[in-house]
Amino acid sequence: MKTEAITVVRIYLTEGDHRLAGLIERLREKERVRGLTVFRGIAGFGQSGKLHASNLVDISLDLPLVVEFFDTPARAAEIMSHLNPTVEPGHMISWSAAVNSNEE
């Protein structure tokens, strides 16, 4: 199997930020990333220690969100530099990975 090097980028938000739709649109339309997924957490907390959680009694509208995308290392670095001014420090991480390739 042939593989290609990529960089995976993960951005942490909460639903209460109301930035998800704009971020998805930017990553799809302007940055044209190769792939994107949004995960909705059932519980989480950050540096503040404030717990964001859902339970059966009260469905929270401020749950954790994770936006994950991937692209070539050069494109991912460029996109991260574009997003850096709008993403809170410590809320965007990245790592190297490999994706299966169609090329022989």
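Q: Why does Arg 28 count as exposed?
A: The relative accessibility of Arg 28 is 55%. Exposed means over 50% relative accessible area, buried under 20%, and partly exposed in between (1.4 Å probe, protein chains only). Arg 28 therefore counts as exposed. The model is predicted: local features need pLDDT of at least 70, side-chain atom pairs count only at pLDDT 80 or more, and totals for chains, interfaces and linings use all residues. Residues are numbered from 1 along each chain as its sequence is written, and side-chain values use heavy atoms, with hydrogens and water left out.

Q: What makes Glu 29 and Arg 28 a salt bridge?
A: Their closest N and O atoms are 3.1 Å apart. A salt bridge needs a side-chain nitrogen of Lys or Arg within 4 Å of a carboxyl oxygen of Asp or Glu, so the pair qualifies. Glu 29, at 39%, is partly exposed.

Q: Why is Glu 31 called buried?
A: Its relative accessible area is 3%, which falls under the limit for buried, so the label applies. Glu 31 also forms a salt bridge with Arg 26, at 3.4 Å from N to O. Arg 26 has 24% and is therefore partly exposed.

Q: Which parts of the chain does the pair of Glu 15 and Arg 40 link?
A: The closest N and O atoms of this salt bridge are 2.7 Å apart. Glu 15 is in the loop between strand E1 (3-14) and H1, while Arg 40 is in strand E2 (residues 35-40); the two are 25 residues apart. Helices (H or I, at least four residues) and strands (E, at least two) are DSSP runs, numbered from the N terminus. With 48%, Arg 40 is partly exposed. In total the structure holds seven salt bridges.

Q: Which residues make the contact between H1 and H2?
A: The axes of H1 (residues 20-30) and H2 (residues 73-83) come within 12 Å and cross at roughly 145°. Axes are lines fitted to C-alpha atoms, for helices over the stretch in contact, with angles from 0 to 180 degrees between N-to-C directions. Leu 23, Arg 26 and Leu 27 of H1 meet Ile 79, His 82 and Leu 83 of H2, where contact means heavy atoms within 4.5 Å.
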